[in-house]
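Please look through the sequence and the structure shown below, and keep both at hand while reading the report that follows.

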Amino acid sequence: MRKLLLNLLFIASLCLSATVGARAQSAKDVLDQAYSHLSASGGISVKFTAISLVGKEEQGSTSGNMKLEGKKFHAETDAMLVWFDGRSQWSMRPGDKEVNLTEPTLLEQQTSNPYVMLQTYRNRDDYKYKLKQGTLSNGKQGYKIFMSAQGKGLDIREIFVEIDNKYSLVRLSFRQGKENWTRLVIDSMQTGQEFTDADFTFPTADYPNVQVVDLK
C-alpha cells in the first residue's frame with residue numbers, strides 16, 4: 001500500500017511538473033520557436049490561399065504559390081505576379097504589358113510575407129499576447145496566438161496565428177482598420193529549397209514586351 005501511494009505521488013509530481021512547464025511557455029516563446037524554425041529552413045516553397053474579409057464576410061480569395069527566403073519572395077496567383085529581392089518589388093497582373101517597380105514599406109512587406117510578419121511581431125511591447133493550445137483549423141494540434149494592438153497609431157490592430165506542434169505556420173490572419181481582415185492559409189510547405197537571386201527579381205528576358213514602370 002505504501003509503495004502504491006509513493007508511485008501515485010511520483011506520477012502526480014511528474015504531471016504537475018509537465019503542467020507547470022506548459023504554462024511557463026508564453027505566446028512570445030512559441031512565436032520565437034516558429035520564427036527560428038523558418039529561419040533554419042533555408043528556401044521555402046509554399047502553396048497558399050489568401051482571403052480578404054470585411055468582418056466575417058468573405059470578399060474574395062485567391063490561391064497560389066510562393067517562394068520564400070528571408071525577406072525575399074516570389075508569389076504567383078491568377079490575379080498577380082510579384083517578385084521582391086529584399087529592397088525592390090515588381091508587381092504585374094498576368095497578361096499586362098506593364099510591371100510596376102516599387103520599394104515597399106515595412107508595413108507592405110509585413111502584409112505580403114508571413115516570414116516578415118512573424119519577425120516583426122513576435123516580440124513587441126505594444127501588443128498584448130494570448131496563447132491557447134488545442135485543435136487548429138487543419139485538424140492538427142498546436143498553438144493559437146492572438147495579438148491585439150495597445151496603441152492607437154498601430155496600422156495592424158489584431159493578428160491571429162496558428163502554429164502546429166512542430167512550429168510550422170498553419171494560418172495567419174490580421175486586421176487593418178475597423179474590420180478589414182486578410183487571412184493567409186498555408187495549404188502545403190516544403191523547406192530546404194535552393195533558390196538563386198534571380199528567383200526574386202523580375203525576369204526581363206521572359207517578358208520582352210512588358211514595360212517596367214519605375215514608381216520608386
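Lys-132 is exposed, because its relative accessible area is 62%, where exposed stands for over 50% relative accessible area, buried for under 20%, and partly exposed for what lies in between, with a 1.4 Å probe and protein chains only. This residue is found in strand E7, and here helices (H or I, at least four residues) and strands (E, at least two) are DSSP runs numbered from the N terminus. Lys-132 touches Gly-142, Tyr-143 and Lys-144, not counting residues up to four places away in sequence, where a contact means heavy atoms within 4.5 Å. The C-alpha atoms of Lys-132 and Ile-145, which are 13 residues apart along the chain, are separated by 6.5 Å.

The model is a predicted one, in which local features need pLDDT of at least 70 and side-chain atom pairs count only at pLDDT 80 or more, while totals for chains, interfaces and linings use all residues. Residues are numbered from 1 along each chain as its sequence is written, and side-chain values use heavy atoms, with hydrogens and water left out.

**The chain as a whole**

The secondary structure of the chain comes to four helices and 12 strands, and 36% of its 216 residues count as buried. The chain exposes about 12700 Å², of which carbon and sulfur atoms supply 49%; such areas come from the Shrake-Rupley method with a 1.4 Å probe, and for residues only the protein chains shown count as cover. Of the contacts between residues at least 6 apart in sequence, 48% join residues at least 24 apart.

**The sheet and its strands**

The 12 strands form an open sheet with mixed pairing, in the order E7-E8-E9-E10-E11-E1-E2-E3-E4-E5-E6-E12, where two strands pair if DSSP finds at least two bridges between them. Strand E7 (127-135) and strand E12 (211-214) are the edge strands, since each of them pairs on one side only. From one strand to the next, the twist averages 20°.

| Strands | Bridges | Residues opposite one another |
|---|---|---|
| E3 (residues 72-77) and E4 | Four | Phe-73 and Phe-84 |
| E4 and E5 (residues 89-92) | Four | Leu-81 and Met-92 |
| E10 (residues 169-176) and E11 (residues 180-193) | Six | Gln-176 and Asn-180 |

**The nonpolar cores**

A nonpolar core is a set of buried Ala, Val, Leu, Ile, Met, Phe, Trp, Tyr and Cys residues joined through side-chain atoms within 4.5 Å. The largest one has 36 residues, of which Tyr-127, Ile-145, Met-147, Ile-159, Val-161 and Ile-163 touch the most other members. Helix H2 (residues 27-39) gives the largest share of this core, namely six residues. A second, separate core of eight residues includes Leu-81, Trp-83, Trp-90 and Phe-202.

Which residues does Met-147 touch, not counting residues up to four places away in sequence? Among them are Leu-31, Tyr-121, Tyr-127, Ile-159 and Val-161, and the list also includes Lys-128, Arg-157 and Glu-158.

Helix H2 lies across strand E1 (43-54), E7, strand E8 (141-149), strand E9 (156-164) and E11, and runs at about 75° to E7; for this angle, axes are lines fitted to C-alpha atoms, for helices over the stretch in contact, and angles run from 0 to 180 degrees between N-to-C directions.

**Two residues in loops**

Ser-41 is found in the loop between H2 and E1. Is Ser-41 buried or exposed? Ser-41 counts as buried because its relative accessible area is 9%. A polar atom of its side chain lies 2.5 Å from the backbone oxygen of His-37, and Ser-41 touches Thr-191, Gly-192 and Gln-193, not counting residues up to four places away in sequence.

Tyr-167 lies in the loop between E9 and E10, and it counts as buried because its relative accessibility is 18%. Phi of Tyr-167 is near 65°, which is a positive value in a residue other than glycine.

Methods: A polar contact is a pair of N or O atoms within 3.5 Å; within protein, one must be able to donate a hydrogen and the other to accept it, and residues adjacent in sequence count only if both atoms are side-chain atoms.
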